[in-house]
Structures are given as C-alpha cells and as structure tokens.
Amino acid sequence: LAASLLIALSFWMIELFGYEAGRVPQTSNTRWAIRVFYALVPSVLAFLAAAITFFGYSLDRKGHSNVLSRLAAVNQSFPSEERSEAMGKAIGTDRQAEEPRIVPPRSPPQPDGEPR
C-alpha cells in the first residue's frame, strides 16, 4: 500500500513539474523531477527506514532470549501434528502431501534400440 501511494504521489509531483506524456524531450525541470522522485526520494526513505530499524529496535541478549523463550512456549503448546497443521494453514500449504513416487531407473537402450 505504501509503495502504491508513493508511486501515485511521484506521478502527481512530476506532473506538477510539467510532465507531458509523449513529449520528447521533456523539459529540464521535468527531467530533474523524474530523477528526484524515482531515485533520490526512495533512497532517502529506505535510509530513513534502516535508521529507524537500527536505532529504534534494539535486540540485545536479554531481548533475544525473551523472543526465544516465547517461541519455545508456543512450540510446546502444540503437539507436533497440530503444529505442522497450524503452520500449513498459516502459509497456505495445509493440503495433504502426496507420497513421493519412486520410479525405477530405465536401463540404457541396447544396440537394437530396445531397453532391457
């Protein structure tokens, strides 16, 4: 959703800078706006997201052990079969898996062209 909104905003902004479909070449202001909104703005937003993640979400040893203990508690609350079924439903693979078929290898053809 955020990417869609950013793309829509970018189209609107380059239109404000004079973009005209089919016009070749575009004006220098339009070319500048295209460069800014398709290269600089996404780069700045990605850097901002990385900075927020790096500085806003600290995962020290205590926090890591807390996450691991909570995961272990969830894993122990389900028997193995139920856990597998719940995970399958969560990721959309809850249908029964077929047993793999074992196909014996074919022997190489004989000089007369027929397999043994």
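Contact here means heavy atoms within 4.5 Å. By that rule, residues 24 or more positions apart account for 21% of the contacts in the protein chain with a separation of 6 or more.

This is a predicted model, where local features need pLDDT of at least 70, side-chain atom pairs count only at pLDDT 80 or more, and totals for chains, interfaces and linings use all residues. Residues are numbered from 1 along each chain as its sequence is written, and side-chain values use heavy atoms, with hydrogens and water left out.

**Overall make-up**

The protein chain has 4 helices and 0 strands. Its pattern along the sequence reads α-α-α-α. Helices (H or I, at least four residues) and strands (E, at least two) are DSSP runs, numbered from the N terminus. Of the 116 residues, 8% count as buried. Buried means under 20% relative accessible area, exposed means over 50%, and partly exposed lies in between (1.4 Å probe, protein chains only). The accessible surface comes to about 10600 Å², and 62% of this belongs to carbon and sulfur atoms. Accessible areas come from the Shrake-Rupley method with a 1.4 Å probe; for residues, only the protein chains shown count as cover.

Helix H2 covers residues 28–56. At 1.5 Å a residue, its 29 residues should span 42 Å, and the end C-alpha atoms are 39 Å apart, which agrees. The expected span is 1.5 Å times one less than the number of residues. H2 bends by about 35 degrees at Val-36. That bend is the angle between axes fitted to the seven residues ending there and the seven starting there.

Val-36 is also buried, as are Thr-30, Ala-33 and Phe-37 of H2. The buried residues of H2 pack against H1. Thr-30 counts as buried because its relative accessibility is 0%. Leaving aside neighbours within four places in sequence, Thr-30 is in contact with Phe-17, Gly-18 and Tyr-19.

Tyr-38 also lies in H2. Tyr-38 and Ser-10 are 28 residues apart in sequence, yet 7.5 Å apart in space, C-alpha to C-alpha.

A cis peptide bond joins Val-24 and Pro-25, with omega at about -5 degrees. Most peptide bonds are trans.

The structure holds 1 salt bridge. Glu-20 forms it with Arg-23, the closest N and O atoms being 3.6 Å apart. A salt bridge is a side-chain nitrogen of Lys or Arg within 4 Å of a carboxyl oxygen of Asp or Glu.

| Residue | Relative accessible area |
|---|---|
| Phe-17 | 31% |
| Glu-20 | 43% |
| Arg-23 | 34% |
| Tyr-38 | 40% |

**A nonpolar surface patch**

Leu-9, Trp-12, Leu-16, Phe-17 and Trp-32 make a nonpolar surface patch of about 540 Å². Patches are made of residues with over 30% relative accessible area and no salt bridge; like charges are joined within 9 Å, and nonpolar side chains (Val, Leu, Ile, Met, Phe, Trp, Tyr) within 5 Å. Helix H1 (residues 2–16) gives the largest share of the patch, 3 residues.
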